[in-house]
Amino acid sequence: MFPTVDFKICGQICGLFVTITILIFFVCQKKLNIKSELNFLRTLITATITCALDVVSVFFNTLIPQAQISILLSKLYLITMLVYLTSVILYIAGDTLNKKKYNIIFWVWTILGILATTAISFAEIRIVDVYTQGVATYIEYSVAVAVVVFVSIFTVRHRNQMYGDKETVIYIWMASWLLFALIQFFFPKLLLVSFAVAFGVMVIYIKLESIDNIIDRETGLFNWNSYLKYVNDMKLQGQKGSVIYLKPNDTLKKADEKVLRASYKMFNDAIRKRNDIIAFSIRNEYLFVMKKDNLNEIKTFLSEGKRFFPVGADAYSAFYLNNVERIDNEEDLEPLVSYVESKYAESDSAFIPIEEEMIASYYSISDIEEMIKQAVENDSVVVYYQPIYSVKEKKFTSAEALVRILNEEGKLIPPYKFIPIAEKTGQINVLGRIVFEKVCSFIQANDMDDLGLRHINVNLSGTQLSDEDLAETYIQIMGKYEIDPQFIHLEITESANVEQNKTLKKNLDRFLNYGVVFALDDYGTGYSNLNYVVEMPVVTIKFDKQMTDSYFSDAKAKRVMEYSIKMFKSMGLNVVIEGVESKEQLEGLSDMNVEYIQGYYFSEPVNPVSFVNFLREKNG
């Protein structure tokens, strides 16, 4: 008889051994002391008790199946399983919902658990062989299915609030439960429920709660995953806190391994003595979270703490932020700190505050950078055309191609919002290539002579011209669309310094040899160095809108512009006046005998279809 009993409860004994082992490991490991840890501990304890009662009940069901003690133990096992199922829900909801919502979930499932417990206590239960049947068992299965459905729906709805691999782990957990429960239901002699319980907590522990997931092995401090959990817990509990980011200023030193271990131990011991600070290690840098926002105390801590900081570097800079919730993305951490550091480039302070305005500015830049990336991926970069009027021919003979971005709502984003960012991040290169290809496609698709167009102007920045492959890439695009280079005029600005950039000069020469023509854009802004005009291979000078407006409001500016135009015309250069917005401006400029005028008076930048329709109407 006893060997049979041993065989039938081996699965339960294995499950019990697993839960006890995990419980010991979890109790002994270093903790953050947050709510999710308490909830997981409760889940572990109830899982262990459930597996233990399963072992005991199977043992008694085998030896004395009809005894009252066997019935009592079987019902007690079912009731502890209910408690375990409730604890699972509370663990999953605990680090996702705020206090108010969590309390609602807590009381709803507690009341349901009490009702189910009462029903099981009075319901019929039969012991067949070593397993149970009857109404009490069916109630248990019903609750288990309800929990699986609830947890699955809850996870789908709140997946964006879950850190790390938690969403995936929960799906695995629920799927394994459902699988084992179905097998148990149809093959009751297999007795797999306790094994399923143990398997579930084992997956959660290994993937989310084990020491390898929360501790940095080298330093012994909590890692980034722990930081996210800790900050998330503070947020859900309505707690505030400040954070210090400690960054080494010099190259990391190579220290003896024994010395390094001793340093880290001293560091951990010093932190452990302070109950108001918790330290996290991220690569070779450190985050200190403080629930007390006392700036003087923080500075004192950093000053006194130098003696026990790890020996990885000789000096550190401290970046202080009074809202710990603002740092929640590891990918943004280093760029954000570098951005703040650049704002304090002239300061020799070792303690740098991260102002809210800086964070807003940084994330604004990051959002625009991401918007550009998405626009490129989703083909949401579009080209608009602004016609340029020929005063002599009384018609529109050219146009400027201008880049626009469509956001997710389909609204146009003007260039002043993203071009400066694209210049800084290097994204201007891919934007420029897309614009150039779309312009070439437009030229190929339309009869330029029929539209009355001689060329289209495309902007090039100094950053683009510094790209070694620019000229060859653009020439290949023109070849792809069979575009005669006479149809392309490239607009460059004074920021493109030929003398200081050999790559830029090489690109210009390659374009010129291919037959592409250049125009100088935005004359009247910047330094307007005449030597630059002489040295640059341009055939057209475009006066900026700022200069146009000054012409009508400032006598000196008017005189400068008049003489400049005469000089450029004597050099054989064409002149385009930009920013003409009224009939008065147009008439006021007519005496200067300029060749071309561009501005809202004639047309704002329009999409390709509207542009073609405009030309057909105006040029006849």
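**Stop 1: a buried asparagine**

Select N223 and show its contacts: leaving out residues up to four places away in sequence, N223 touches D212, N213, I214, I215, D216, F280 and S281. Keep in mind that this is a predicted model. N223 sits in the loop between α9 (211-214) and α10 (224-236). Is N223 buried or exposed? Its relative accessible area is 12%, under the 20% cut-off, so N223 counts as buried.

Now look at the polar atoms of the N223 side chain. One of them lies 3.1 Å from the backbone oxygen of N213. The side chain also reaches the backbone nitrogen of N225, at 3.2 Å.

**Stop 2: a nonpolar patch**

Select Y138, V145, V149, I153, L178, L182, F185, F186 and F187. Together they make a nonpolar surface patch of about 890 Å². Which helices each supply at least two residues of the patch? They are α6 (135-157) and α7 (166-186).

Zoom in on F185, which lies in helix α7. F185 is partly exposed, with a relative accessible area of 43%.

**Stop 3**

Select residues 395-406, which are strand β9. Why is β9 described as largely enclosed by the rest of the structure? Because 10 of its 12 residues are buried.

β8 and β9 pair in the antiparallel sense over 10 bridges. Find Y389, which stands opposite F396 in β9. The two strands form a hairpin with 4 residues between them. In that turn, K394 has a positive phi of about 60°.

β11 runs parallel to β9, and 4 bridges join them. Here E400 stands opposite N457 in β11.

Finish with strand β10 (residues 412-413). β10 pairs with β9 in the antiparallel sense over 2 bridges. L406 stands opposite L412 in β10. This hairpin has 5 residues between the strands, and G410 takes a positive phi near 85°.

**Stop 4: salt bridges**

Side chains of opposite charge can pair when their charged atoms come close. How many salt bridges are there? The count comes to 17. Visit these:

- Select R126 and E124. Their side chains meet in a salt bridge, 2.5 Å from N to O. R126 is partly exposed at 36% relative accessible area, and E124 is partly exposed at 39%.
- Select K505 and D509. They form a salt bridge, with the closest N and O atoms 3.1 Å apart. Both lie in helix α20 (residues 502-514), 4 residues apart, about one turn of the helix. K505 is partly exposed at 41% relative accessible area, and D509 is partly exposed at 31%.
- Select E595 and K569. Their side chains meet in a salt bridge at 2.6 Å, N to O. This pair links distant parts of the chain, 26 residues apart. E595 is in the loop between α24 (583-589) and β16 (596-598), while K569 is in helix α23 (residues 555-570). K569 is partly exposed, with a relative accessible area of 28%.

Methods:
Residues are numbered from 1 along each chain as its sequence is written. This is a predicted model: local features need pLDDT of at least 70, side-chain atom pairs count only at pLDDT 80 or more; totals for chains, interfaces and linings use all residues. Side-chain values use heavy atoms; hydrogens and water are left out. Buried means under 20% relative accessible area, exposed over 50%, partly exposed in between (1.4 Å probe, protein chains only). A polar contact is a pair of N or O atoms within 3.5 Å; within protein, one must be able to donate a hydrogen and the other to accept it, and residues adjacent in sequence count only if both atoms are side-chain atoms. Contact means heavy atoms within 4.5 Å. Patches are made of residues with over 30% relative accessible area and no salt bridge: like charges are joined within 9 Å, nonpolar side chains (Val, Leu, Ile, Met, Phe, Trp, Tyr) within 5 Å. Accessible areas come from the Shrake-Rupley method with a 1.4 Å probe; for residues, only the protein chains shown count as cover. A salt bridge is a side-chain nitrogen of Lys or Arg within 4 Å of a carboxyl oxygen of Asp or Glu. Two strands pair if DSSP finds at least two bridges between them.
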